[in-house]
Number of protein chains: 2
Amino acid sequence: MRAVDLIRKKRDCGVLSREEIDFLVSGYTRGEIPDYQMAAWLMAVWIRGLNRAEIAALTEAMLYSGEVLSHSEIPGKKVDKHSTGGVGDKTSLILAPIVAAGGLTVPMISGRGLGHTGGTLDKLEAIPGFNVNLSLAEFRRVLCECGMGLIGQTAEIAPADKKIYALRDVTSTVENVGLICASIMSKKLAEGIDALVLDVKTGSGAFMKKEEDSVRLADVMVETGKRMGKRVVALITDMDQPLGRLAGHSHEVLESVEVLKGRGPEDLRDLSLELSAWMFFLGEKAKSVEEGRRLAEKMVATGQALEKLRRGIRLQGGDERIVDEPERLPQARFHAEVAGQTSGYVSAIHCEQLGTALAMLGGGREKKEDKIDHAVGLEFHKRIADRVEKGEKLVTIHYNSDAKLAEAKTLIASSYVVSESAPREKRPLVRRIIGA
Amino acid sequence: MRAVDLIRKKRDCGVLSREEIDFLVSGYTRGEIPDYQMAAWLMAVWIRGLNRAEIAALTEAMLYSGEVLSHSEIPGKKVDKHSTGGVGDKTSLILAPIVAAGGLTVPMISGRGLGHTGGTLDKLEAIPGFNVNLSLAEFRRVLCECGMGLIGQTAEIAPADKKIYALRDVTSTVENVGLICASIMSKKLAEGIDALVLDVKTGSGAFMKKEEDSVRLADVMVETGKRMGKRVVALITDMDQPLGRLAGHSHEVLESVEVLKGRGPEDLRDLSLELSAWMFFLGEKAKSVEEGRRLAEKMVATGQALEKLRRGIRLQGGDERIVDEPERLPQARFHAEVAGQTSGYVSAIHCEQLGTALAMLGGGREKKEDKIDHAVGLEFHKRIADRVEKGEKLVTIHYNSDAKLAEAKTLIASSYVVSESAPREKRPLVRRIIGA
């Protein structure tokens, strides 16, 4: 078998066998197939596509390129959630403690933010002392002790994905359903989970702007997970506006704590409880999603989830006092307001622009090497369908440097579409459920 | 400007500007853009294509990546011919002496064989002592002294092409009209020529099997050459069967000498004279192609072309005695026959297979590093429309090693399609002329 022939085959719209995909992935991971051949193959894949069997084979090849965890020493089911990312999407910090408090184990391996979206690891690092770089042995110990652990991708987990993802990033081969599915699912299945809830975002702040694209990705990921014997469901959820009222790392930790205290904004609370409900259901802690929902609500109401968060933070070296003393989180020195320029109703939000503005202020990275300012953030005062008066606050910007403030302000101001009348219908937070 | 954005642009069917193409080619040549980004871009180009303006920009960027020769110290026009390659295609060895004898200068920079096709440099190296690796200074001296010089691509000539071609070879991005055109034309235009005759092969032994594809390539190359102020014409010529009676390096040198002595097979003689005629016409040594043809015939009949060949060989360090003593060329130790299995008429020849069989016997290379056996060869006894009796010789194989003999024999035998009746019509050797 030769890489050059497999590149040609995909280029010419051929379908690769499991053996051929294994050959490419394992050869590339071992360094026997050079970057340039993988890059040509990835571009051919991006343009020609992969069928379901090829996606499954690619996912498995990437999964077995490294260690696949097993937590058989921990009783009960292991479940996780993965989100495709958006602006203000902080549900991991909320549902992990809820679900762990409810008696399931959540071995969560997360990623960092890129482009306009935030990443769970970066948010956790806003908590002073929090260490996301645990060894697998430490990760297991934390899981055993409190039922939840939140770490980054280690060298042992899906090394093929790590290498391929880095290459995709610099060769414009990121946005492809098959490649995205294999990347996400190989990492998630390596966690040693029994069930997975996928939160596939759709709308102006998601990577997939069109609902049909989100559904297609969800569909492929659900099928791939099920082929590998996992219980998987995907919720297609709204990202036409930020989730919650706050974006930015410290701010999102704060808002997550609020939800675990039974407060916080309705949309964020609702989605976090819904995702937790599905995790309880798939993890067999509840006979129905409704029962799961009640269990989730109970974990919040009794304070058990909040207690779990405290314990989780402590076990990973973080300062758990932030739960009650949020001023211990990094604070921005300045704030500025973006006000409405006309009166009317918010009819649409260019949500990706808000994420880009936040990144511009230091709250995201353009390149992998960039450092993040955990203190900067955006506070959203208006949601779609809200009445806004001319001069009224739309967004409060929390910032540390004037460098790109003007640019960010302009971007934020232009993100809000204000019309004379409110939008006709309210679109639900959870648009569709795939694979249930 | 960032390479990753230009890759995305082409991936998404965009059209790149001259500046963008320059950025990619010069950045890659200087080593600032890595192989993997170029590979992804090449695959996007292979699949999405390049328009005429992009092809012209790519050709120019590759041309000016290195030195562009000028032979202003040599009086008269400089002309060259380029063939897209086939089996038994040895016209360069014939027309260079004819055209140089007729008073034009032929600064020919040639390539090596790859796959099923032979290359001029390899054929020349069958002549004991012949040195194709002249420095540019030596090349100029040879050109001044005898009006013809035949060398390989030096480091100074179109280095971008050298680097890009090597990458295309291992990333399955070879067969694309725009990339082929830029590769050929950047090298040929760097020779410092005024006019160029393109011999674009079509048929079962050509890289382009379909006439429409050959025409498209010819059309693009002619346009690109004309855009850059050169006189260019392309002949679409038959490669449904080998050109001449002999293939293999020593054998092709021998057959070329035969043609220059006024003998040799009709098809080879005819095409060599026709190409020479066009070179004389474009190089303004003849007022018409017919007049050019008569001049070419005269150069052969008077022995002036043969004398030019002798001189050219001597100037490049070769043993000119091979002209009269062909036994001085490398000789194969053994020969074997492939006979017809049924009686009838040769209705078709899978010509690429014959080239592959020759390569298999050591007369070609699979990888660039492979050594060539100049002595092995094939002698073709039957052409399309010829009557063949069962048991009659089709091909004589000249070989040195039994290693792949059986395999080569089978391949050769299966290359001949013998039918009950002769094909209805004889297809002309020169199918079409583009750009005249």
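The model is predicted.

Chain A is assigned three domains: domain 1 (3-49), domain 2 (79-326) and domain 3 (331-419). The centres of domain 1 of chain A and domain 2 of chain A, taken over C-alpha atoms, are separated by 31 Å. Their contact draws on 11 residues from domain 1 of chain A and 13 residues from domain 2 of chain A. About 1,100 Å² is buried between these two domains, and carbon and sulfur atoms give 74% of that area. On the side of domain 1 of chain A, the most area is lost by A:Tyr28, A:Leu42 and A:Trp46. Together these residues account for 53% of what that side buries.

Polar links between domain 1 of chain A and domain 2 of chain A were also counted. The interface holds 0 salt bridges. It has 3 residue pairs in polar contact, with both residues at pLDDT 80 or more. Two elements of chain A, helix 2 (18-29) and helix 3 (35-48), each give two or more residues to the domain 1 side. Helix 3 of chain A makes the largest contribution there, with 7 residues. By class, this side comprises 8 nonpolar, 2 polar and 1 charged residues.

Over all chains, 4 aromatic pairs are counted. A:Phe334 and A:Tyr399 form a tilted pair, with 5.4 Å between centres and 40° between planes. This pair joins distant parts of the chain. A:Phe334 lies in strand 7 (residues 334-339) of chain A, and A:Tyr399 in strand 11 (residues 393-399) of chain A, 65 residues apart.

The interface between the chains takes 22 residues from chain B and 22 residues from chain A. The buried area is about 1,900 Å², with 65% given by carbon and sulfur atoms. On the chain B side, B:Arg11, B:Tyr36 and B:Ser172 supply 32% of the area buried against chain A, more than any other three residues.

Across the interface of chain B and chain A, 4 salt bridges are found. One salt bridge joins the side chains of B:Glu175 and A:Arg11, at 2.9 Å from N to O. Helix 1 (3-11), helix 3 (35-48) and helix 8 (159-170) of chain B each give two or more residues to the chain B side. Helix 3 of chain B gives the most, with 10 residues. The chain B side contains 11 nonpolar, 4 polar and 7 charged residues.

Technical notes. Residues are numbered from 1 along each chain as its sequence is written. Chains are lettered from A and ligands numbered from 1 in the order in which they are written. This is a predicted model: local features need pLDDT of at least 70, side-chain atom pairs count only at pLDDT 80 or more; totals for chains, interfaces and linings use all residues. Side-chain values use heavy atoms; hydrogens and water are left out. Domain bounds come from an automatic or database domain assignment. Contact means heavy atoms within 4.5 Å. Buried area is the accessible area (1.4 Å probe) that two parts lose on being put together, summed over both. A polar contact is a pair of N or O atoms within 3.5 Å; within protein, one must be able to donate a hydrogen and the other to accept it, and residues adjacent in sequence count only if both atoms are side-chain atoms. Helices (H or I, at least four residues) and strands (E, at least two) are DSSP runs, numbered from the N terminus. Ala, Val, Leu, Ile, Met, Phe, Trp, Tyr, Cys and Pro count as nonpolar, Asp, Glu, Lys and Arg as charged, and the others, Gly among them, as polar. Rings of Phe, Tyr and Trp (its six-membered ring) pair if their centres lie within 6.5 Å; planes under 30 degrees apart count as stacked, over 60 as edge-to-face and the rest as tilted.
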